[in-house]
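User: Got a model here I'd like to go through with you. Can we start inside and work outwards?

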Amino acid sequence: MRALPSLSMLVVALLLAAPLAAQTALPRLAYTQLRDPDQERQARALMETLRCVVCQGQSIADSDADMAGEMRALVRQRIARGEAPEAVRTWLIARYGDYVSYAPPLRAATLPLWLAPLVLLALGAWLARATFRRR
């Protein structure tokens, strides 16, 4: 009978430890710079041009999100292997979509992204002109 309380305590301990086991550790290169300063400079420049898919308003260089850390690690791994930054950028866009880039390519699907600022600017100018004419 004495084994039952210790067994129940073991089950409770395992249930409490389960959330800790489910957490993933960030890849090694998420916060570690590359040894080669030129490669690190290339990686940082590329990271500044890529949007965090979780934060959506920050680059992966500035974001503290785990996903941004994983993306930083991917960028550094590929740059360390000798891939060109543009090739890494193309690979990340293929993997995560055009939204990951702060400068998405001009395609039919991204046309609204490129035209929206122009349309809004023209609309604002038209409204301002109409307002000033009335006065």
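User: Leaving aside neighbours within four places in sequence, which residues is Ile60 in contact with?
Analyst: This is a predicted model, to be clear. In it, Ile60 touches Met47, Leu50, Arg51, Cys52, Ala68, Met71, Arg72 and Val75, with neighbours within four places in sequence left out.

User: And which residues have the most contacts inside the largest nonpolar core?
Analyst: Ile60 is one of them.

User: Zooming out, how many helices and strands does the chain have?
Analyst: Five helices and zero strands. The order from the N terminus is α-α-α-α-α.

User: How much of the chain counts as buried?
Analyst: 25% of its 135 residues. The chain exposes about 9600 Å², and 64% of that comes from carbon and sulfur atoms.

User: What share of contacts with a separation of 6 or more is between residues 24 or more positions apart?
Analyst: That share is 50%.

User: Now the surface. Which residues form a nonpolar patch there?
Analyst: Leu106, Leu111, Leu113, Trp114, Leu115, Leu118 and Val119. Together they have about 690 Å² of accessible area.

User: Where is Trp114 found?
Analyst: In helix α5, residues 111-134.

Definitions and conventions:
Residues numbered from 1 in each chain as written. Predicted model: local features only at pLDDT ≥ 70, side-chain atom pairs only at ≥ 80, totals over all residues. Heavy atoms only, no water. Patch = residues over 30% accessible without salt bridge, like charges linked within 9 Å, V, L, I, M, F, W, Y side chains within 5 Å. Areas by Shrake-Rupley, 256 points an atom, 1.4 Å probe, with all protein chains shown as cover. Salt bridge = Lys/Arg side-chain N within 4 Å of Asp/Glu carboxyl O. Helix = DSSP H or I, 4+ residues; strand = E, 2+ residues; numbered from the N terminus. Core = buried A, V, L, I, M, F, W, Y, C linked by side-chain atoms within 4.5 Å. Buried < 20%, exposed > 50% of the residue type's maximum accessible area, 1.4 Å probe, protein only. Contact = heavy atoms within 4.5 Å.
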